[in-house]
Amino acid sequence: MTDDADVVVVGLGALGSATAWQLARRGVSVVGLERFELGHVRGASHGDSRIIRLSYHTPSYVENARQAYQDWADLEADSGRSLVLRCGGIDVFPPGAAIPVDDYVAAMTACRVPFEVLDEVAARRRWPAVAVPDGSTVLQQRETGIVPASLGSATMRERATAHGARLVERCHVVELTADDDGVRVRCADGSTLRARSAVVTADAWTNDVLAGVGVQVPLTVTKEHVIHFGLDAASAAAHAPGAFPVWIWMDDPSYYGFPSYGEASVKVGQDCGGRVVDPDTRDFEPDGEYVAAMRDFVSRTVPGAGPVTRVTTCLYTLTPDRDFVAAPVPGQPRVVVGLGSAHGFKFSPWFGRVLADLATTGVTSGDVSAFGLDRPALTDPEAPVHWLV
Ligand SMILES: Cc1cc2nc3c(=O)[nH]c(=O)nc-3n(C[C@H](O)[C@H](O)[C@H](O)COP(=O)(O)OP(=O)(O)OC[C@H]3O[C@@H](n4cnc5c(N)ncnc54)[C@H](O)[C@@H]3O)c2cc1C
């Protein structure tokens, strides 16, 4: 039997779209299969914006993020589209913050990433629209910015197609199997496809796809909200990019927010604040209690924000240690898995490059040493769950 493609990519959100793009631009024949319509809103890669940052808690993430900025630049060059807005960002560590500031300072220092450490007085002077609490430590990093979510994913698919990838929507992969010669996928319509290797980028549905190769990942899927608060004409300038930073609240609960981006509003979300859901039966309605808690937090922290104007929902798919997966299935090198553990969008073109490397050569220059499927956090049922990093 002959192969239909060198690589089949299962799932065309941000990570799968990036993988198809990175493979196709190398001249590798690739077929991408997407269960729903391309650009749908049931997964994790839709919406207007995602944070991109070098500010991370380990040197490995900082270095990989640095590579990701270069991968975004490659996508910008390939597409002729400007995608990364660098507007600067702050990590706010209130007194007694649950997330250790020392990890961020050490990781950025080790990687020679320039950053500033400010107290609350200096931070309030520089960003008067953020009510930084007394006793806080604030880290500022100027490369922090915003990448477009739906547009970024669509751009990767457009460029994948332009380089020769075949992307098929409404093609639900119901079985993936592998042997020494290659992989075989069967879709819900009865069609089958063979390839030399497969990349599984199915996020919340990863375990459905991996069932046929005998591996399961301990994943938790939650329904998360992003909430837009309106701005009146008087407060719009104070919340524009540059005047107002991308910010992350490094405590438990942990929050994050954006300056105005594409519309006069501030967008705010809680990291890992939503309830556990089944991705096939979840609803799309805002959870009232959650929205009320966010409104309360925002009224204290971003006092210039007006009423709620828009609420959207999105799925977080979390590994227990919050680390990525970028690795072959143990014992099955022809099946490679990519999982962003609900902070992967900024890395999506990096994921695409790394997963393309692993699917074609088995090695990559990205540091994926902590992202294997055989790490204790994924294989030991007693391993602690630790999402806030
Ligand atoms: C509210 C929210 C805020 C976030 N903020 C940030 C941020 O600021 N910065 C950041 O870097 N990251 C952020 N993230 C995380 C980031 O968006 C995700 O890590 C990333 O988008 C995941 O992409 P993905 O392609 O793996 O998943 P998805 O976009 O969910 O794509 C998976 C795809 O696989 C398809 N699929 C599943 N099963 C099958 C099958 N059997 N056959 C065919 N196709 C299948 C699905 O339909 C889906 O399209 C956020 C996420 C959310 C929800």
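1. For what follows, a residue is near a molecule if one of its heavy atoms lies within 4 Å of it. By that rule 34 residues surround the ligand, and the closest are E34, H40, S45, C314 and K346.

2. Before going on, a caveat: this is a predicted model, where local features need pLDDT of at least 70 and side-chain atom pairs count only at pLDDT 80 or more, while totals for chains, interfaces and linings use all residues. Residues are numbered from 1 along each chain as its sequence is written, and side-chain values use heavy atoms, with hydrogens and water left out.

3. On polar contacts (pairs of N or O atoms within 3.5 Å), a ligand oxygen sits 3.1 Å from a backbone N or O atom of A14. A polar backbone atom of F345 is 3.1 Å from a ligand oxygen, and for a side-chain N or O atom of D203 the distance is 3.4 Å. Taken alone the ligand exposes 1,000 Å², of which the protein buries 97% (Shrake-Rupley areas, 1.4 Å probe).

4. Which element gives the most to the shell around the ligand? That is β18, with three residues (strands are DSSP E runs of at least two residues, helices H or I runs of at least four).

5. Elsewhere, helix α2 (residues 59-79) and helix α9 (residues 348-360) pack at about 95°, with axes 7 Å apart (lines fitted to C-alpha atoms over the stretch in contact, angles from 0 to 180 degrees between N-to-C directions). The pair is therefore roughly perpendicular, a label for 65 to 115 degrees. In contact (heavy atoms within 4.5 Å) are N64, Q67, A68, D71 and W72 of α2 with S348, P349, W350 and R353 of α9.

Notes. Polar contact = N/O pair within 3.5 Å; in protein donor to acceptor, adjacent residues only side chain to side chain. Parallel < 35°, antiparallel > 145°, perpendicular 65-115°, else oblique.
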